[in-house]
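Open the model in your viewer and keep the selection tool at hand.

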Amino acid sequence: MRTRVTDMFGIELPIFAFSHCRDVVAAVSRAGGMGVLGALYFTPEELETELKWIDDHVDGRPYGVDVVMPASYEGAEFAADELVGRLQAMIPEGHRRFVEDLLASHGVPPLSSDADAGKVLLGWTDATARPQVEVALRHPIALLANALGPPPADVVELAHTHGVKVAALASTPRHALKQVEVGVDVVVAQGTEAGGHTGEITTMVLIPQVVDAVDVPVLAAGGIGNGRQMAAGMALGAEGVWTGSLWLTVEEADTPEMARRRILRATSRDTVRSRSWTGKPARLLRNEWTDAWESQESPGTLPMPLQFMLVSDALRRIGRSDAAELATFPAGQIIGITNQVRSTRDVMYALVEEYTEALERLGRLTDA
């Protein structure tokens, strides 16, 4: 398969796979696509370790890193050394009580020590994401992606000076144009079906709008889980696909077993766009956690990054307990078709085989 993105990155298949698991990233790149490591949950030191491991296991194939540098968030005016403290002071006590009461009603115990506390801020801000960018650019990455809006122009320029291409996700044509204005090389047009932060326009509608709006290569994202959907995205004008939830259940994924079981039995109706994770709309697995934040008792969610700072330790406590009914995480609607555990390599082969079969089927229709 050959498109502008395969030529741009020297890859065999225009299949990009976002994952927080280094094993999945390396396996996709070795199979001819491009694995993209989500850096959000890693400290700079941890990210260094992860990328060193990928360097050693990717067999010289290209891979990418995805960061989160939102265009707008609370506390952007604060200095980096005072950011966490100033933001923590902005979280209302009523919100803290709501979270504690919710956990108590489900018997979720506290963390065993302060050392178990979660990373309350992660890379949700410019100040915390830039150190991740610095680490990433010390490695032979081929792509730097920004998951939430246009990346800062100086970051795009810095990546280009290192010979690294830049991608950014867009949920509207207007967002795509803003990204091109700052110099991104690839736009990921992500429909509302996608897991994580996502807009309101469906993939089928969004992709041709973005393709018509920009002159850089476009990747189709949101609801891409098999080769037929990949063929549909390419037919709409995309030059490759960006996938995410598809990799949550592969053999190499480090998805917690409780979460993996829930994904395997979930339907496409079991997700919901919710602000209960980060304060911005994100598609999550629906359960009693997401329902609670929509209830009459809810104090309402806080803006980014305050919401995640509020709930980060709670999410860790839930993960360490048996309260499966509260365990939520980003997941797209294609989890309705991810009902078996396969190797990453087998998933890649299936995508290509189904894509080819879809093209042949269309060919027979036009030949009739």
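Select helix α5 (residues 93-105) and helix α13 (residues 306-319) in this predicted model. They pack at an angle of about 10 degrees, with axes 10 Å apart. That makes α5 roughly parallel to α13 (angles under 35 degrees count as such). Axes are lines fitted to C-alpha atoms over the stretch in contact, and angles run from 0 to 180 degrees between N-to-C directions. Helices are DSSP runs of H or I with at least four residues, strands runs of E with at least two.

Now show the side chains. From α5, His 95, Arg 96, Val 99, Glu 100 and Leu 103 make the contact (heavy atoms within 4.5 Å). Leu 310, Val 311, Ala 314, Arg 317 and Ile 318 meet them from α13.

Residues are numbered from 1 along each chain as its sequence is written. Local features need pLDDT of at least 70, side-chain atom pairs count only at pLDDT 80 or more, totals for chains, interfaces and linings use all residues, and side-chain values use heavy atoms, without hydrogens and water.

Next, pick Trp 124 and Trp 277. Their rings pair edge-to-face, 5.5 Å centre to centre with 85 degrees between the planes (pairing needs centres within 6.5 Å, edge-to-face planes over 60 degrees apart). The two residues lie 153 residues apart in the chain. Both are buried (under 20% relative accessible area, 1.4 Å probe, protein chains only).

Move to strand β5 (residues 165-170). Five of its six residues are buried, so β5 is largely enclosed by the rest of the structure. Leu 144 stands opposite Val 166 in β5.

Methods: Angles under 35 degrees count as roughly parallel, over 145 as roughly antiparallel, 65 to 115 as roughly perpendicular and the rest as oblique. Rings of Phe, Tyr and Trp (its six-membered ring) pair if their centres lie within 6.5 Å; planes under 30 degrees apart count as stacked, over 60 as edge-to-face and the rest as tilted. Buried means under 20% relative accessible area, exposed over 50%, partly exposed in between (1.4 Å probe, protein chains only). Two strands pair if DSSP finds at least two bridges between them.
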